[in-house]
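Subject: Structure handover

Hello,

Here is the structure for you to look over. My notes follow below it.

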Amino acid sequence: MLDLLIQNGLIFDGLGSPPVRGDIGIQNGRIVTLAPSLTTPAREVVDASGLWVTPGFIDIHTHYDLELEIAPGLSESVRHGVTSVVIGNCSLSVAIAEPQILADIFQRVETLSHRLIAKWLKKSVSWQTPAEYLQHLQQLPLGPNVTPMFGHSALRAHVMGLERSLTVQPTKFELNLMQRIARDALDAGFIGISIDMFPWHRMSGEWQGCTIPSQHAKFKEYAMLADLCRRCDRVFQVTPNLQRLVSFVDILRMGSGIGQKPLRLTVLSALDAVHHGRKLWRIFSPLLFIWNRLLNGNVRFQTLTEPFTIYSDGIR
């Protein structure tokens, strides 16, 4: 007997195949049979006539880090069919650093309300290391699956102190310490590291108006984190500086796989859908062909316009 039988739905397999109408049998949380019509008895039967049946959606770019602490069910995403979310993007993370510093980094970038920030600060932080943060997440009554990136801004502020992270470059000792903490985070289970070059991401609080810590790093610091992701076969997420086109050259230097193992690189950029976005996205396919096939890269572009995410063929 099946645990669940979904009948008469329009089934999308998530692989790009044309949808088909049929029934799905589920047992022990897994799909065990799929056919145009099933007569197998089931404990529960759902009539999906007129509805789509799809795999769960994966939201690869969210900033739910603080919301998870207050509403871990993330009902606003789950009710839209999202079953997995990635947090810790754009160098923003709560995996490490003082709570007030993290609040000041998040508040303006994500336009979070003072009320939400205050509520989170009252709960404070019960973890001291990235590994302890992962253990904390596992104890929350999560709605979707959650997988975190390790945020560079949080890491930089933790190691250097907020003021120094916004005003100077790290010492050799601090750079090595960042590398060691980031490596521990990847070993503990973080899927990658995120950095930020986007000039509109700014601080609130005492340093209001100043760009967030990750943007004050030099290429050497970024490259160190990228190389760490390369060696550990993890994802390196970047938001380029659209006002400084040489930032794309820096990203190309970090992402090239010529003579070395390809870096799993995700580049998030914003396009103006009204003026240029509908045309500019067309360059991504040939650009990714050159980058991934000819330069031995492993790059994905994300955009903030429709289509929201653009993948190249042949991504490894």
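Is Asp 233 buried, partly exposed or exposed? Asp 233 is partly exposed, because its relative accessibility of 35% lies between the limits of 20% and 50%. Please keep in mind that this is a predicted model.

Start with the backbone at that residue. Phi of Asp 233 is near 55 degrees. That is a positive value, and the residue is not a glycine. Asp 233 sits in a loop, with helix H9 (219-232) on one side and strand E10 (235-238) on the other.

Next, Cys 90. Cys 90 also belongs to a loop, the one between strand E7 (82-87) and helix H3 (99-109). Its phi is positive, at about 55 degrees, although Cys 90 is not a glycine. Cys 90 has 2% relative accessibility, so this residue counts as buried, the limit being under 20%.

The structure holds zero disulfides. Cys 229 is therefore in no disulfide: the nearest cysteine sulfur belongs to Cys 232 and is 7.2 Å away, whereas a disulfide needs the two sulfur atoms within 2.5 Å. Cys 229 has a relative accessible area of 0%, so Cys 229 is buried.

When you open the file, please look at Asp 233 and Cys 90, the two positive phi values. Then turn to the sulfurs of Cys 229 and Cys 232.

Best wishes

Conventions
Residues numbered from 1 in each chain as written. Predicted model: local features only at pLDDT ≥ 70, side-chain atom pairs only at ≥ 80, totals over all residues. Heavy atoms only, no water. Buried < 20%, exposed > 50% of the residue type's maximum accessible area, 1.4 Å probe, protein only. Helix = DSSP H or I, 4+ residues; strand = E, 2+ residues; numbered from the N terminus.
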